[in-house]
Amino acid sequence: MANIKKEKDKDKEKEIKTLEDVVTHYCPGCGHGIVHRLVADAIDRLGIREKTIGIAPIGCSVLIYNYLNVDFQEVPHGRAPAAATGIKRAQPDKVVFTYQGDGDLASIGTAEIVHAANRGENITTIFINNAIYGMTGGQMAPTTLLDQKTTTSPYGRNSTSAGFPLKVCELLSSLDGVAYLERVSVSSPKNVVKAKRVIKHAFEVQLANKGFSLVEVLSQCPMNWRMSPIDSVKWVDDVMSKTFPLKKFKDTERVRS
Amino acid sequence: MVKFENKKDKCKGCGLCIEFCPEGVLEFSSELNSVGYYPVKVIDISNCKACKFCELICPDSTIKVFKQ
Amino acid sequence: MGEKQLFKGNEAIAEAAIRAGCRYYFGYPITPQNEIPEYMSRRMPKIGGVFLQAESEIAAINMVFGAGGSGVRAMTTTSSPGMSLMQEGISYLAGAEIPCVIVNVVRGGPGLGGIQPAQSDYFQATKGGGHGDYHCLVLGPSTLQELVEFVFLAFDLADKYRNPVIILTDGVMGQMMEPVEFPPEVDILKLSPKEWATTGAKGRKKIILKSLYLDPLELENHNLHLQEKYNSMQEEIKWEEMNTKDCDLLLVAYGTAARVSKKAIEVAKEKNLSLGIFRPITLYPFPYVQLKEVVKKGKVKKILVVEMNMGQMIEDVKLAIEGLVPVEFYGRTGGVMPVVDEIIEKAESMLKVNTLKGVM
């Protein structure tokens, strides 16, 4: 019994892992690193690495293709769901996912995400919401909270001139094509455990051909929030999740025809 | 027996593992690593209960905790 | 070849694409090319292909990126305003070297313009409407038979060079009906496999289709590689000549403007006016050398460029002949068609000026 177990462990070690063993360019404490690992875990546990194709965003995680060992395409800002649609329609047997930030998905890419979701495209979107534009230096995002200070809302976001934080899960939950929609965070070990399960489930929804799945992950951005990593995870728990509550919005049992 | 492995040259010294460790097992090292940060190190492994909170929260996937 | 069939231009494009092995069409309705997505929506499901009406031209070109990057023959079609929306996507397709076919059924511009035909997207197609040092191969058909053959050619060239290919046509060709013979149908299974496509990293290293090169030397190298590719495209140059050895005045025109110009040459003969035509067929790469040769070797005194715009290809003509002879322009735009009588009138006045001044 012990020998068989050792053999299985050896095989597992030989298996190529999805998470590349490299130093990432992300800031200390950044949520991307955690989520990359959770996505890689899901792909490994489901054994789908060799048939997974990802679409990289424009944003801090533009180099995600250096950190995950799967095929990737890089398309313009916001257009990932359209490219994912093209890939999935051309190769319906493959697993296709987009990984997008709040500028990519909720600003320039609102048409693409809404329509991919509305068509019920059988793809998975991992949406990283850090309430700010990271890569370009900390400007306001559609998801920036009211009164939150950023480099383009230096006096705090004012709803009169800049509107309100955009709630993507709430927005997409009205669409029939959406099969699975949940918001999680990675601000504590307990939340990471939950997020890990949720992300795996999103890929399972795709594998079961149920329709569009999206996981919104509230992610800390210590650098642009001008906070220490510890304070930033506290801010996600204490402040951010008041505007963006962690919950499951949709999980249909329906299988697409 | 708990085995704690961390790739100290991938650690960016964010301190989240130290913050979330319920047993206070971890602290910052006083020696810089090759990427210019003070990485995490174990104070006393005998206090570790292998809860794996550190492994879960690490953004750089440097930590692996084994219960042997 | 098969039998001749009467086809409307737009529908001929769609049917040709399917016979050329395209099974993935992503497009958005815009006049004057709506017959193409409509035809595709009827035909594609019947042959197990994919027709998808995208939410915008921006989405459509990115769907083409995704599908093309997966190694299949994918296309989109649009008209001028939609082509503007696609520019960023085209730049990315060129940068990541993904083959695809894009048809622009040109209408009047700028802005919303009109729905009538024009040739005012020549600059956009040949000089690159998107950012960066890139080129699409651009084909300029003049008849529906050429249009149909060029759809086949476009897919082959796209695959050969791993590059987007643009077919620059116009609303006249899109809407007119002519008999066409389709080339033999392409067997998709016999197409060479695309080793560079994102099909899942099974038994191989992962493939990344990207255009980002943060290191300056790497980006420069990538651009040098692209330029090398564009230089090698010179062997695809195509053009047509008529009466170029003996003509006094050379017309240079492409597409529908060339059709009108050819008629003008016929009519001019009756008036003892010797006109010839040089018709560029590949608009990129442009037949610079070939055009200069014609002018050097012939008796051409002047060139008249005929276009359905305010003067775009004329710049390439001037570049080509490097000042050998004077170049003038006759154009109608906004959907107003160039007419034989006006071409002849202009040619006559150009040659008269010559005679009056005694310049031969």
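Colleague: Which residues point one way from β4(A), and which the other way?

Modeller: Thr124(A), Ile126(A) and Ile128(A) point one way. Thr125(A), Phe127(A) and Asn129(A) point the other way. Keep in mind that this is a predicted model.

Colleague: Which strands pair with β4(A)?

Modeller: β3(A), residues 95-101, pairs with β4(A) in the parallel sense over 5 bridges. β6(A), residues 212-218, also pairs with β4(A) in the parallel sense, over 6 bridges.

Colleague: Which residue stands opposite Ile126(A)?

Modeller: Tyr99(A) does. On the β6(A) pairing, Thr125(A) stands opposite Leu214(A).

Colleague: Let's switch to the chains. Which two chains have the most contacts between them?

Modeller: Chains A and C, among the 2 pairs of chains that touch. The contact takes 35 residues from chain C and 29 residues from chain A.

Colleague: Which elements of chain C supply at least two residues to that side?

Modeller: β2 (24-27), β3 (50-53), α3 (57-69), α4 (80-96) and β9 (208-209) of chain C. The largest share, 9 residues, comes from α3(C).

Colleague: How does that side of chain C split by class?

Modeller: It has 20 nonpolar, 10 polar and 5 charged residues.

Colleague: Which strand of chain A is joined to β9(C)?

Modeller: β2(A), residues 71-74. The two strands run parallel, with 2 bridges. Phe72(A) has Ile208(C) as its bridge partner in β9(C).

Colleague: And chain B? How many of its residues are in contact with chain A?

Modeller: 16 residues of chain B are in contact with 18 residues of chain A. On the chain B side, α1 (16-20) and α2 (53-57) each give two or more residues. That side divides into 9 nonpolar, 3 polar and 4 charged residues.

Colleague: How far apart are the nearest C-alpha atoms of chain B and chain C?

Modeller: They are 20 Å apart. Chain B and chain C do not touch.

Colleague: Back to chain C. What domains is it divided into?

Modeller: Domain 1 spans 5-235, and domain 2 spans 239-357. Their C-alpha centres lie 29 Å apart.

Colleague: How many residues are in contact between domain 1 and domain 2 of chain C?

Modeller: 26 residues of domain 1 are in contact with 22 residues of domain 2. On the domain 1 side, α5 (122-126), β6 (137-139), β7 (164-170) and α7 (171-175) of chain C each supply at least two residues. α5(C) gives the most, with 4 residues.

Colleague: What about the classes there?

Modeller: The side of domain 1 that touches domain 2 has 14 nonpolar, 11 polar and 1 charged.

Colleague: Next, the largest nonpolar core. Which residues touch the most other members?

Modeller: Val151(C) and Ala154(C), out of 207 residues in that core. Helix α6(C), residues 144-161, gives the most to this core, with 11 residues. The core also draws at least three residues from each of domain 1 and domain 2 of chain C.

Colleague: What does Ala154(C) touch, not counting residues up to four places away in sequence?

Modeller: Val101(C), Leu139(C), Val165(C) and Ile167(C).

Colleague: One last residue. Where does Lys160(C) lie?

Modeller: Lys160(C) lies in helix α6 of chain C.

Colleague: Why does Lys160(C) count as partly exposed?

Modeller: Because Lys160(C) has 15 C-beta neighbours inside 10 Å. A residue counts as buried at 20 or more and as exposed at 12 or fewer, so 15 falls in between.

Colleague: And how far is Lys160(C) from Ser192(C)?

Modeller: Their C-alpha atoms are separated by 10.0 Å. Along the chain, the two are 32 residues apart.

Conventions: Residues are numbered from 1 along each chain as its sequence is written. Chains are lettered from A and ligands numbered from 1 in the order in which they are written. This is a predicted model: local features need pLDDT of at least 70, side-chain atom pairs count only at pLDDT 80 or more; totals for chains, interfaces and linings use all residues. Domain bounds come from an automatic or database domain assignment. Two residues are in contact if their C-beta atoms, placed from the backbone, lie within 7 Å. Ala, Val, Leu, Ile, Met, Phe, Trp, Tyr, Cys and Pro count as nonpolar, Asp, Glu, Lys and Arg as charged, and the others, Gly among them, as polar. Two strands pair if DSSP finds at least two bridges between them. A nonpolar core is a set of buried Ala, Val, Leu, Ile, Met, Phe, Trp, Tyr and Cys residues joined through C-beta atoms within 7 Å.
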